[in-house]
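Good morning, everyone. Please look at the sequence and the model on the screen, and I shall take you through two parts of the structure.

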Amino acid sequence: MKKTIMVLLSVFASMISEISFSAQLEGDLVIRNVNVIATQTMTIKPNMDVLIRGERIVKTGHKLEVKAKQTLDGDGRYLSPGLIDSHTHLSGVPGMTFQQMQKNGDVVKQAMRQIPRSYLYHGFTTVVDLHADAESIKRWNAQETRPEAHFCGAAPIIDGYPMSFMPKSIRYKFTPYFIVEEHSAHVDIDASAHTPKAVVTRMREQGAVCVKTHYETGFSGKENLPVPSAQLIQNLVSEAHDQGLRVVLHANSQTAQDFGLQTGVDAFVHGMWHWSGDQQDKLSKSIKTLIKRSTANKLSLQPTFQVLYGERDLHNPDYLSQAELSKVLPKALIDWYASEDGQSFRARMSSLPFVKTHLSDKGWEAIDAAAINRLELYFSEWLEQRGSLLFGSDTPSDLTFANPPGLNGRIEMKHWQKAGVSPTQLLAAATINNATFFNLFDDIGSVDEGKRADLLLLSKNPLQSIDAFDHIETVFTKGKMIDRSSLLAERLEEK
């Protein structure tokens, strides 16, 4: 009797195992015979099958015996994790003020529908807004077709950058995580709610994936802005690390990056294009030492070339006629940019003395040329020191129309390519590095079982050429398969 029971239990266990095994091999989509890009090793796993169920990858392997509702032939193609742009600003329409958006409702409606699609068109299945809150990100993620968005809590010093560029009537609402010095006094501000501990706790509870702070003395007519003390930022970093968040610092100057190194931040947002001292065309010993110390301390860098090129391209008379722009922006928005109202920011920038001088003496291409050269020299040294890289485009960096969503990131890649970044370095920065830094690696950053099915199917190998990202065929977001051509702005206008 005992033997019979044991046999029955064994058979029952085998049946349960088979049922479980069968369940694991059922899915909604199987991609067959595809070359999987392994981002952990930057190698190819050839002739793989990838099974997707719902939003997740449930099985990878060779010649899987599976049941799937749909099969996609991946023969000769490459399957990569979707790209992550970790420096975006998702509220509003690039190049439009709040008042202009109110006056141009139909244009805004088209633009807001297309912007998420434009990120997807260029392979960005995840975006990180470095100045947002939980509610704005929730609204973004409520859209049907879009990259998954996350946010970092922006913790600037009160009334410093970027708060000082906003009217006082709204700045405290739109930058709720600002910080104050310990003994400072501000009317109508509860200082206890704006200590490093208070703001980090609040942003973490609301879902932030990092903390962003700033060291910026000002520009464009707003100079001598207040900057935080080293002690305040050290306290902010300590609180963030205690609560499992990394800290990124807006730091485009030698002074700012020296401050960041001193205070223990984890990454520099922007490369260094403002140098100290008289020598402006060759890296000084102090800058080289700063880079060496930064890379040795494992700081990461977002160089954001497109900030400078966006400032320059704003004055290019042929900018709005580019064919690539029409792929990612509705015609109505491009037409508005060409209008007098749409050109108002360009006109205001043209009146700045240094811009006016360049435009009259050497033309629009000379704008920021010296700063771009400094950034290139700095970035080359960062690469020489094998510093860690995070891919971010800063879209948009200002009220400019010259940082178009999605396309801005693709152009940023070209600057990296020109600077000598290898395809594997770029892919790592835009996938596994970003995913790890922002605590998202459990969900994205590689093509592995259990990960969210945010993927790209390409006809070219991204390990061999960065230009492979011009050959995306299919974008997957949470397992949903989207033909890339359907994401074009003109296709939205057809609907």
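What volume does the second largest pocket have? Bear in mind that this is a predicted model. The volume of the second largest pocket is about 300 Å³.

Let us turn to the residues around this pocket. Its lining consists of 20 residues, and those nearest the centre are Q322, E324, L407, I411 and K414. The elements that contribute two or more residues to the lining are helix 10 (305–313), helix 11 (323–328) and helix 16 (407–419). Helix 16 supplies the largest share, with 5 residues. By residue type, the lining holds 7 nonpolar, 5 polar and 8 charged residues.

I now move to helix 4, which comprises residues 134–141. Which residues of this helix are buried? They are I137, W140 and N141. When we look down the axis of helix 4, these buried residues fall within an arc of 90 degrees, so they line one face of the helix. An α-helix has 3.6 residues a turn, so residues three or four places apart point the same way.

What does the buried face pack against? The buried residues of helix 4 pack against helix 3 (105–121), strand 7 (124–129) and strand 8 (148–154). On the other side of helix 4, K138 and R139 are exposed.

Finally, consider the N-terminal end of helix 4, which is capped by D133. A side-chain oxygen of D133 lies 3.3 Å from the backbone nitrogen of E135. Thank you for your attention.

Terms used: Residues numbered from 1 in each chain as written. Predicted model: local features only at pLDDT ≥ 70, side-chain atom pairs only at ≥ 80, totals over all residues. Heavy atoms only, no water. 1 Å grid on protein atoms, 1.4 Å probe; cavity = no way out; pocket = protein on both sides within 12 Å on 5 of 7 lines; lining within 4 Å. Points joined across faces, edges and corners; volume = space filled by probe spheres on them. Helix = DSSP H or I, 4+ residues; strand = E, 2+ residues; numbered from the N terminus. Nonpolar A, V, L, I, M, F, W, Y, C, P; charged D, E, K, R; others polar. Buried < 20%, exposed > 50% of the residue type's maximum accessible area, 1.4 Å probe, protein only. Arc of directions from axis to C-beta. Contact = heavy atoms within 4.5 Å. Polar contact = N/O pair within 3.5 Å; in protein donor to acceptor, adjacent residues only side chain to side chain.
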